[in-house]
Amino acid sequence: MIKLLIFDMDNTLFDTYGQLGVHVLDRMIEKMKKHGLTSKQEGVMREKYMTTGFRTVANMLKLSEELKEIGKSTYKDMDLSRIKPFDDVDLIKEFKQKKILVTSGTEKVQNEKIRILGIAPLFDEIIVDLYGSSESRDKIFRELLEKYEVKPEEVMVLGDNAEAEIAAGNNLGMITVQILRRPFLKGKADYYVKTKNEVPIQLIDDILLELDMKNMEKVLNLLNRDDQKIITTTERTKLPEIFSCDRVFHVTKKGHISW
Ligand SMILES: [Mg+2]
């Protein structure tokens, strides 16, 4: 059973890329080019900035202190006033679990985004991760496990960054959901969500009849009850009644489908 939900904010709860990122990045690059940013460095920044953030890409490129300062001040001065959450963010209210927002970046900017988006009441706790790496996320997630007295398998992590929250969640054995609203790098996650209101689907492909009732139940208890499940089987059985299926499809030899 899932007891704790950990949400990322940027590109998960609002369109950071479309509403802020592209504009800030252009302005940053324009200013930095006047102070020596090369075309090669510009290419790397354009490729990496959206998923890693400025600090990580600046360290990766070993930028001079002067260029880092230009980047940081452009970032801090960006106009946040028109940002809006994705229109399905309100659904978070419906979840009964404890909900934690773990977001990375400068404390002042992240807190201002949270204030303008009006999302603070949706969460039991808000943490700003100043480093944004998988190591810092790992440390924060471990602290949350201890504080809320939950096991990793009782925690679901939802975020877009394969190298930060998703990697940390995977390493700790949490359930990970990568949010792919923008075509960012797809990483390794348990589930992927591309559009709003999309519920993860689990496919149990013809395995249940191999098991006795006790083991069948064990398998089904491992699965989250709230997810959509598709169970396939080759024999007429009592499975639909046992698992209270919403709809049963019959496929005949000739490929005819009825329900
Ligand atoms: Mg993010």
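What percentage of the 259 residues in the chain do buried residues make up? Buried residues, defined as those with 20 or more other C-beta atoms within 10 Å of their own, the C-beta atoms being placed from the backbone, account for 27% of the chain. The model is a predicted one, in which local features need pLDDT of at least 70 and side-chain atom pairs count only at pLDDT 80 or more, while totals for chains, interfaces and linings use all residues. Residues are numbered from 1 along each chain as its sequence is written.

The chain has nine helices and ten strands, taken as DSSP runs (H or I of at least four residues for helices, E of at least two for strands) and numbered from the N terminus. Of the contacts with a separation of 6 or more, 62% are between residues 24 or more positions apart, a contact being a pair of residues whose C-beta atoms, placed from the backbone, lie within 7 Å.

The largest nonpolar core comprises 29 residues; such a core is a set of buried Ala, Val, Leu, Ile, Met, Phe, Trp, Tyr and Cys residues joined through C-beta atoms within 7 Å. Ile6, Phe7, Val155, Met156, Val157 and Leu158 touch the most other members. At least two residues of this core come from each of β1 (4-7), β2 (98-104), α6 (134-147), β4 (155-159), α7 (165-172) and β5 (175-179). Another core, of 13 residues, lies apart from the largest one and includes Met28, Met32, Tyr49 and Met50.

Helix α1 (residues 16-33) packs with helix α2 (residues 39-52) at an angle of about 155°, with their axes 11 Å apart. Axes are lines fitted to C-alpha atoms over the stretch in contact, and angles run from 0 to 180 degrees between N-to-C directions. The two helices are therefore roughly antiparallel, the term applied to angles over 145 degrees. In this pairing, Tyr17, Gly21, Leu25, Ile29 and Lys33 of α1 meet Glu42, Met45, Arg46, Tyr49 and Met50 of α2. The contact has six nonpolar, one polar and three charged residues by class.

Helix α1 also packs with helix α4 (residues 65-76), at an angle of about 150° and with the axes 9 Å apart. Here Val24, Arg27, Met28, Lys31 and Met32 in α1 meet Leu67, Ile70, Gly71, Thr74 and Tyr75 in α4. By class, six nonpolar, two polar and two charged residues form this contact, where Ala, Val, Leu, Ile, Met, Phe, Trp, Tyr, Cys and Pro count as nonpolar, Asp, Glu, Lys and Arg as charged, and the others, Gly among them, as polar.

Notes: Angles under 35 degrees count as roughly parallel, over 145 as roughly antiparallel, 65 to 115 as roughly perpendicular and the rest as oblique. Two residues are in contact if their C-beta atoms, placed from the backbone, lie within 7 Å. A residue is buried if 20 or more other C-beta atoms lie within 10 Å of its own, exposed if 12 or fewer, and partly exposed in between; C-beta atoms are placed from the backbone.
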